[in-house]
Amino acid sequence: MTDYIYSIEANNVNKTFKRKNIAIKALNDFKIKIKKGSIHGLLGPNGAGKSTFINILGSLVKKDTGNIKICGVDIDKNLKLAKFKIGIVPQELNIDPFFTPLELLELQAGLYGIPKKNRKTEEILNNVGLLDKKNAYARTLSGGMRRRLLVAKALVHNPQMLILDEPTAGVDVELRSSLWKYIKKINTQGTSICLTTHYLQEAEELCENITIINEGKIIKDDSKDNLLNFISTKKVSFDLLNTFQIPSKLFKFNPVINNQKLHLTYDKSKVSINDIIKILDESNIAFSEMNTYESNLEDVFKKLIINDANN
């Protein structure tokens with residue numbers, strides 16, 4: 001089979017659910033391309049269609065129309081091979097409480113037909129920090145440990161594409177950081193990753209490219225850097241050393257003075273911080289310290305969702 005450029009390639013995917021004779025459009029001509037070797041974020045509010053798409057990839061839900069390829073394999077032509085190329089870490093903690101991590105990974109490997117000599121059960125458990133718990137019943141593990149165990153289960157067949165559906169939900173800050181580090185590690189080893197998350201800081205930290213989805217359709221698909229530049233508004237504050245009347249040249253920056261701080265908002269695509277400092281100098285406004293605040297991914301996300309709702 002020829003090499004592939006995209007680990008996930010979906011075109012014009014549609015899915016409608018019927019509940020009590022009401023048609024609910026979960027995916028609407030959904031299109032996405034996830035580059036091989038990348039960490040790609042799939043973001044959207046609850047009910048946007050993210051889980052529906054993931055369930056279609058895992059063959060838990062059947063699409064109505066459209067075409068999907070996983071690592072170059074068309075799921076309609078060779079579903080078995082496509083499923084072997086993908087690993088999915090679900091949002092739900094679906095682990096049998098009466099099995100140990102060692103037993104769960106061995107069972108998973110058996111289901112995928114991995115010969116015993118080729119299994120890397122203990123290596124995977126070590127990588128997710130669960131080797132010392134390999135013989136403990138799953139019911140005794142903490143929520144964070146169970147989350148890591150789900151990641152381990154998804155890796156037993158060495159998938160080329162890993163889907164992480166809310167991988168750090170309910171996980172404390174320290175554990176979240178260690179999971180981020182491990183996600184980056186397996187990505188550098190060649191595994192492509194698609195991440196859904198409600199923690200926008202997580203997407204900002206991990207993802208190179210991001211797709212934002214709402215009501216079953218894509219509203220933005222771009223690199224993280226381009227998305228962060230989507231909002232050109234920037235804020236700056238100055239710690240003041242003297243009192244003054246706000247000069248008229250500052251009115252366009254929505255000036256606010258609070259606790260001896262001057263707060264300004266400006267469009268970084270039109271005005272530089274040096275332009276503002278020049279106005280302060282000309283107006284004899286002295287300051288001891290300056291702090292700037294860039295828009296983050298959460299600002300971009302909110303703006304795009306609000307714009308989409310208003311269209």
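## His263 and its surroundings

Setting aside neighbours within four places in sequence, His263 is in contact (heavy atoms within 4.5 Å) with Val236, Ser237, Asn254, Pro255, Val256 and Asn258. His263 sits in strand S13. Helices (H or I, at least four residues) and strands (E, at least two) are DSSP runs, numbered from the N terminus.

His263 has 30% relative accessibility, so it counts as partly exposed. Buried means under 20% relative accessible area, exposed over 50%, and partly exposed in between, with a 1.4 Å probe and protein chains only. Glu166 lies 97 residues from His263 along the chain, and their C-alpha atoms are separated by 36 Å.

## Basis of the model

This is a predicted model: local features need pLDDT of at least 70, side-chain atom pairs count only at pLDDT 80 or more, and totals for chains, interfaces and linings use all residues. Residues are numbered from 1 along each chain as its sequence is written, and side-chain values use heavy atoms, with hydrogens and water left out.

## Helix H9

H9 spans residues 273–282. Its buried residues include Ile276, Ile277, Ile279 and Leu280. Seen down the axis of H9, the buried residues fall within an arc of 155 degrees, so they line one face of the helix. The arc is taken over the directions from the helix axis to the C-beta atoms. Asn274 and Lys278 are exposed on the other side of H9.

The cover over the buried residues of H9 includes strands S11 (233–240), S13 (261–267) and S14 (287–293). Asn284 follows H9 and has a positive phi, near 55 degrees.

## Helices H3 and H5

The axes of H3 (residues 101–111) and H5 (residues 143–154) come within 9 Å and cross at roughly 30 degrees. That makes H3 roughly parallel to H5. Axes are lines fitted to C-alpha atoms, for helices over the stretch in contact, and angles run from 0 to 180 degrees between N-to-C directions. Angles under 35 degrees count as roughly parallel.

On the H3 side, Pro101, Leu104, Leu105 and Gln108 make the contact. On the H5 side, Leu149, Ala152 and Lys153 do.

## The buried face of H3

Pro101, Leu104, Leu105, Gln108 and Ala109 are the buried residues of H3. Seen down the axis of H3, they fall within an arc of 135 degrees, so they line one face of the helix. These buried residues pack against helix H4 (121–127) and H5. Just after H3, Gly113 takes a positive phi of about 75 degrees.

Technical notes: Parallel < 35°, antiparallel > 145°, perpendicular 65-115°, else oblique.
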